[in-house]
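I set out below my notebook entries on this structure. I looked up charged contacts, strands, nonpolar cores and aromatic rings in turn.

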Amino acid sequence: GNFTGYLHRSCEDSLLLSSNPMKILYIHEDSSKNSLATLFFSQVGHECQCATSLLEAREFEPSNFELILLDVPLQFLDSKKELKRLRSLASSSVPIVCLYETTDRNQFERLNSAGVTDFFPATKSMEDLLRYVKTLKPQK
């Protein structure tokens with residue numbers, strides 16, 4: 001996804017604004033991309049906190065979030081133990097969604113068995129990501 005490109009366009013599609021905001025934990029190793037993610041999600045009504053690693057994410061008390069987004073290359077998720085630990089700290093109802101750029105079925109299965117609940121293609125637009133996020137939390 002391209003936060004920068006999205007932020008340069010106005011959010012004219014009111015359907016993307018969240019009427020039911022979520023508390024999101026976004027994990028990416030690049031702190032500047034994390035700043036953009038915070039701005040991006042808050043612009044449409046969500047609350048977003050960011051971490052640069054699975055280890056750092058544990059410090060945010062994952063049970064306080066309604067969605068955990070992993071935007072890290074899958075090869076950095078080799079630590080199945082860290083992923084399982086994150087899963088155990090988050091409520092079982094909290095989706096852990098991995099943004100991915102690969103179609104390696106073995107990696108999907110390995111991550112799924114470690115606690116990732118869904119996968120979203122990183123090549124999709126930010127609008128598509130917002131629409132997807134809206135499906136994860138029932139409207140009030």
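**Entry 1: a charge over a ring**

I began with lysine 23, which lies over the face of phenylalanine 65, at 5.3 Å from the ring centre. I note here that the model I am reading is a predicted one.

**Entry 2: salt bridges**

I next asked how many salt bridges there are. The count comes to three.

I looked up the pair of aspartate 71 and lysine 33, whose side chains meet in a salt bridge at 3.3 Å, N to O. This pair links distant parts of the chain, 38 residues apart: aspartate 71 is in the loop between strand E3 (67–70) and helix H4 (80–89), and lysine 33 is in helix H2 (residues 31–43).

I then turned to glutamate 82, which forms a salt bridge with arginine 58, with the closest N and O atoms 2.9 Å apart. Glutamate 82 counts as buried because its relative accessibility is 18%, under the 20% cut-off. Arginine 58, at 25% relative accessibility, counts as partly exposed.

I recorded one further salt bridge, between the side chains of aspartate 128 and arginine 131, at 3.4 Å, N to O. Both residues lie in helix H6, three residues apart, which is about one turn of the helix. Aspartate 128 is partly exposed, at 29% relative accessibility. Arginine 131 is also partly exposed, at 41%.

I asked which way the side chains of E3 point. Leu67 and Leu69 point one way, Ile68 and Leu70 point the other way, and all are buried. In a regular strand the side chains alternate between the two faces of the sheet.

I then looked up the strands that pair with E3. Strand E1 (residues 23–27) pairs with E3 in the parallel sense over four bridges. Across this pairing I found leucine 25 opposite isoleucine 68 in E3. Strand E4 (residues 96–100) also runs parallel to E3, and three bridges join them. The bridge partner of leucine 70 in E4 is cysteine 98.

**Entry 3: nonpolar cores**

I looked up the largest nonpolar core, which has 21 residues. Those with the most contacts inside this core are Ile27, Ile68, Leu70, Leu83, Leu86, Val116 and Phe119. E1, H3, E3, H4, E4 and helix H5 (105–113) each supply at least two of its residues. E4 gives the most, with three residues.

I followed leucine 86 to see which residues it touches. Leaving aside residues up to four places away in sequence, leucine 86 touches Ile27, Leu54, Ala57, Pro62, Ile68, Leu70 and Ile96. I also noted a second, separate core of 20 residues, which includes Met22, Val44, Cys50 and Phe120.

**Entry 4: aromatic pairs**

I searched the whole structure for aromatic pairs and found five. I examined two of the pairs in detail.

The ring centres of tyrosine 100 and phenylalanine 119 are 6.4 Å apart and the ring planes stand at 75°, so the pair is edge-to-face. Tyrosine 100 is in strand E4 and phenylalanine 119 in strand E5, 19 residues apart, and the pair links distant parts of the chain. Tyrosine 100 is buried, with a relative accessible area of 17%, and phenylalanine 119 counts as buried at 17% relative accessibility. Tyr100 and Phe119 form one aromatic cluster with Phe108.

Phenylalanine 120 and tyrosine 132 form a tilted pair, 5.0 Å centre to centre with 35° between the planes. Phenylalanine 120 lies in strand E5 and tyrosine 132 in helix H6, so this pair ties together parts that are twelve residues apart in sequence. Phenylalanine 120 counts as buried at 8% relative accessibility, and tyrosine 132 counts as buried at 14%.

**Entry 5: lysine 124**

Finally, I asked where lysine 124 is found. Lysine 124 is in the loop between strand E5 (118–121) and helix H6 (126–135). Lysine 124 counts as partly exposed, at 41% relative accessibility. The C-alpha atoms of lysine 124 and glutamate 101 are separated by 9.9 Å, the two residues being 23 residues apart along the chain.

Note on methods: Residues are numbered from 1 along each chain as its sequence is written. This is a predicted model: local features need pLDDT of at least 70, side-chain atom pairs count only at pLDDT 80 or more; totals for chains, interfaces and linings use all residues. Side-chain values use heavy atoms; hydrogens and water are left out. Buried means under 20% relative accessible area, exposed over 50%, partly exposed in between (1.4 Å probe, protein chains only). A salt bridge is a side-chain nitrogen of Lys or Arg within 4 Å of a carboxyl oxygen of Asp or Glu. Two strands pair if DSSP finds at least two bridges between them. A nonpolar core is a set of buried Ala, Val, Leu, Ile, Met, Phe, Trp, Tyr and Cys residues joined through side-chain atoms within 4.5 Å. Contact means heavy atoms within 4.5 Å. Rings of Phe, Tyr and Trp (its six-membered ring) pair if their centres lie within 6.5 Å; planes under 30 degrees apart count as stacked, over 60 as edge-to-face and the rest as tilted. A charge sits over a ring if NZ of Lys or CZ of Arg is within 6 Å of the ring centre and within 35 degrees of the ring normal.
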